[in-house]
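Colleague: I have some questions about the labels on this one. Please put the value beside the cut-off each time.

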Amino acid sequence: MQIISFTNLKGGSAKSTTAFNVAGALTEMGYRVLAIDLDPQQTLSLSYLGVLSSEKSLSQVLVTDDFIEDTIVPSRYPDLFVVPSDHGLKAIKSGQTQIEGVELRLRSCLRRGKQSVDGQLVLDEFDWVVIDCPPSLDRLTMNALVAADYVLIPVDAGAGGRTALADTVEYITSAQKWYNPTLRILGLLINNVNSNTVYDQTTEQAVRDIYGEQVFRTVVPSSVRIRESAELQTPVVFCAGSEYRKYAEIYRRLCLEILTRVGVTGGKT
Ligand SMILES: Nc1ncnc2c1ncn2[C@@H]1O[C@H](COP(=O)(O)OP(=O)(O)O)[C@@H](O)[C@H]1O
Ligand SMILES: [Mg+2]
């Protein structure tokens, strides 16, 4: 099981869109994926995946010794499961809910290890866990970084946000230093690129100049099709219609780059 956090301080940098489409593309490749929505705004679970809250909430699990496995709900796709976000996460984020070892809660939940009736660990069923973060460097985002093996940073080409990017990388460095020394930056993904504008090309080049090989070769263009797929609650790889094909290929290519970086060589793990 590989855990990837989708993180950037900036709102609208395509964290949820990327988590949604990467989860879809990995599922299409034959992997079993668990998508955890840590953003109280519920974009990934409710808006994009159309999943309502589970009986037991994630916020409840994070403040108790309960099992995160009991919060998992199915999606429309047989190999894609979801831990939905809930409003209770807001109180954890703001510090209103005081808990000991707050930064370590998600990591500990993912290691608690509930068994299914046949004695197997429930979470062992999953090849990948994708965690969608809120647009701030807060306790929830720290929980994701402490729990994850990898962090993928989506960067919006059109909206600048280079200061936010530097702050995000700095926050990741502090997560590595204090809590999770094996956390690796999987890569920076340049998103929402309008290749006709000089501004976007300049942003892309500036990010590549600073972050070099850490930037994925794959770039996601700005397209109404990508926005539509979220509205249709259907990852691009599962959207019918030739107009989506080009974008489906982009997410497949991104996943191949992810697999290479993680060291998985083709096929299902
Ligand atoms: N490549 C893209 N082309 C067009 N619209 C995009 C693209 N990526 C994301 N968007 C849109 O931008 C908005 C913000 O994306 P979202 O993934 O919710 O960002 P975040 O989770 O970082 O706040 C959404 O309306 C989404 O549909
Ligand atoms: Mg989001």
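What follows is a short exchange on how those labels are reached.

Modeller: One caution before we start. This is a predicted model.

Colleague: What makes the protein chain as compact as a globular protein of that length?

Modeller: Start with the inventory. The protein chain has 10 helices and seven strands. Its radius of gyration is 18 Å. The globule rule gives 18 Å for 269 residues. The two values are close, so the chain counts as compact as a globular protein of that length. Along its principal axes, the C-alpha trace spans about 50 × 40 × 35 Å.

Colleague: What share of the residues counts as buried?

Modeller: The share is 46% of the 269 residues. As for contacts with a separation of 6 or more, 78% link residues 24 or more positions apart.

Colleague: Why is Gln42 called buried?

Modeller: The cut-off is 20 or more other C-beta atoms within 10 Å. Gln42 has 21, so it is buried. This residue lies in the loop between strand 2 (33-37) and helix 2 (43-48).

Colleague: Is Asp65 buried or exposed, and what makes it so?

Modeller: Exposed. The limit for that label is 12 or fewer other C-beta atoms within 10 Å. Asp65 has 8, so the label holds. Asp65 is in the loop between helix 3 (58-63) and strand 3 (73-74). From Asp65 to Gln115 it is 50 residues in sequence and 15 Å in space, C-alpha to C-alpha.

Colleague: How many bridges join strand 6 to strand 7 (residues 184-191)?

Modeller: Seven, and these strands run parallel. Leu152 stands opposite Gly187 in strand 7.

Colleague: What makes strand 6 (residues 150-156) mostly covered?

Modeller: Six of its seven residues are buried. Strand 7 is mostly covered too, with six of its eight residues buried.

Colleague: What makes a set of residues a nonpolar core?

Modeller: Its members must be buried nonpolar residues, joined through C-beta atoms within 7 Å. The largest such core here has 76 residues. Val33, Ala35, Val130, Ile131 and Tyr251 have the most contacts inside it. Helix 10 (residues 245-262) gives the largest share of this core, seven residues.

Colleague: Which residues does Val33 touch, beyond those up to four places away in sequence?

Modeller: Among them are Ala23, Leu26, Asp79, Leu80, Phe126, Trp128 and Val130.

Colleague: Last, the ligand. Which residues come nearest to ligand 1?

Modeller: Ala14, Lys15, Ser16, Thr17 and Arg227, out of 17 residues around ligand 1. Helix 1 (15-28) and helix 9 (224-231) are the elements that give two or more residues to this shell.

Colleague: How many residues of each class does the shell around ligand 1 have?

Modeller: Five are nonpolar, 10 polar and two charged.

Definitions and conventions:
Residues are numbered from 1 along each chain as its sequence is written. Chains are lettered from A and ligands numbered from 1 in the order in which they are written. This is a predicted model: local features need pLDDT of at least 70, side-chain atom pairs count only at pLDDT 80 or more; totals for chains, interfaces and linings use all residues. Helices (H or I, at least four residues) and strands (E, at least two) are DSSP runs, numbered from the N terminus. Two residues are in contact if their C-beta atoms, placed from the backbone, lie within 7 Å. Two strands pair if DSSP finds at least two bridges between them. A residue is near a molecule or strand if its C-beta atom, placed from the backbone, lies within 6 Å of it. Ala, Val, Leu, Ile, Met, Phe, Trp, Tyr, Cys and Pro count as nonpolar, Asp, Glu, Lys and Arg as charged, and the others, Gly among them, as polar. The radius of gyration is taken over C-alpha atoms; the globule rule is 2.2 Å times the number of residues to the power 0.38.
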